[in-house]
Amino acid sequence: MINQKLQSKLNTPFPVIAPSMLKCDFGNLHREVELLEAAEASVLHWDVMDGHFVPNLSYGALLIERVRPLTKMFFDAHLMVSNPEEYIDEYIKAGCDSITVHIEAVPDPQDILDHMNKSGVVPGLAISPKTPVEMIEPYLESCGLILVMSVEPGFGGQSFMESSLPKIKQLKTMIANSTILSVDGGIGMETIAEAAAAGANYFVVGSALFSQADYSIAVNELVEKARSQTASLT
């Protein structure tokens with residue numbers, strides 16, 4: 001059921017580029033959404049930070065809810081928050097298509113994952129750099145999306161951590177073919193190929209996209225870089 005829901009919501013071929021809205025120009029948010037749509041990005045990745053689970057603050061469900069009527073793009077919320085079970089329904093109400101919580105914030109996420117699935121949302125689970133894959137292994141079948149952090153959560157602009165690659169490779173052997181394997185942190189033209197080679201098919205991109213003058217060129221170049229690497233493995 002999860003995988004059918006995912007396929008119906010995320011109506012785009014892999015590899016997927018998911019712009020991290022943490023790096024967008026919030027003074028021109030509507031225009032940014034229009035530009036990303038024109039670039040055929042298809043996903044908006046919302047990094048939610050609470051100042052507790054991670055040191056920084058970002059935005060919350062209210063902002064996402066205001067943007068929801070502006071586009072039909074897939075809304076992917078990444079909750080870097082403590083006690084995510086207290087806020088899940090706010091993000092469901094805001095119109096998120098997928099919601100990812102951290103195993104470090106909720107050591108037994110089964111009830112949350114089940115609730116998201118029953119609510120029509122694709123359930124996701126994230127793992128931070130210092131956390132072993134074994135922590136999320138019992139819950140993989142309940143997830144439509146697995147997110148491997150390739151930087152420490154909570155800060156934009158960090159460099160890609162090579163130590164994330166063995167985790168991606170390991171998880172690729174453990175999940176269903178239809179489960180999204182996402183990587184977040186330091187993804188750009190210099191790093192997307194090795195992440196794709198390890199098995200990732202969904203790439204959260206911040207600075208490497210929003211620092212470019214033309215989002216369409218940036219998205220296309222990233223997709224082609226990931227696709228060529230994936231093709232070379234088949």
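At 6% relative accessibility, S20 counts as buried, where buried means under 20% relative accessible area, exposed over 50%, and partly exposed in between, with a 1.4 Å probe and protein chains only. Before I go on, this is a predicted model, in which local features need pLDDT of at least 70 and side-chain atom pairs count only at pLDDT 80 or more, while totals for chains, interfaces and linings use all residues. Residues are numbered from 1 along each chain as its sequence is written, and side-chain values use heavy atoms, with hydrogens and water left out.

Back to S20. This residue sits in the loop between β1 and α2 (29–38); helices (H or I, at least four residues) and strands (E, at least two) are DSSP runs, numbered from the N terminus. Not counting residues up to four places away in sequence, S20 touches H45, D47, V204, V205, G206 and F210, contact being heavy atoms within 4.5 Å.

S20 is also annotated. An unreviewed UniProt entry gives "binding site" for S20, H78, G154, F155, G156, G157, D184, G185, G186, G206 and S207. UniProt positions are in the numbering used here, feature names are shortened, and annotations may be inferred rather than shown by experiment.

Which residues does UniProt list for "active site"? They are D47 and D184, again from an unreviewed entry. Although they are spread over 138 residues of sequence, they cluster in space, the largest C-alpha distance being 10.3 Å.

D47 is in strand β2 (residues 43–49) and is buried, at 4% relative accessibility. Leaving aside neighbours within four places in sequence, D47 is in contact with S20, L22, S58, Y59, H78, M80 and D184. D184 is in strand β7 (residues 180–184) and is buried too, with a relative accessible area of 9%. With the neighbours within four places in sequence left aside, the contacts of D184 include H45, D47, H78, M149 and V204.

Now the sheet. In what order do the strands run? The open sheet has 8 strands, in the order β1-β8-β7-β6-β5-β4-β3-β2, with parallel pairing; two strands pair if DSSP finds at least two bridges between them. β1 (16–19) and β2 are the edge strands, each pairing on one side only. From one strand to the next, the twist averages 25°. Between β7 and strand β8 (residues 202–205) there are 3 bridges in the parallel sense, and S182 stands opposite Y202 in β8.

Two helices lie across this sheet's strands. Axes are lines fitted to C-alpha atoms, for helices over the stretch in contact, and angles run from 0 to 180 degrees between N-to-C directions. Helix α6 (residues 164–172) lies across β5, β6 and β7, at about 160° to β6.

Last, the packing. A nonpolar core is a set of buried Ala, Val, Leu, Ile, Met, Phe, Trp, Tyr and Cys residues joined through side-chain atoms within 4.5 Å. The largest has 65 residues, of which M21, I99 and F203 touch the most other members. Helix α9 (residues 215–233) gives the most to this core, with 6 residues. Apart from it lies another core, of 13 residues, among them F74, M149, V151 and Y202.
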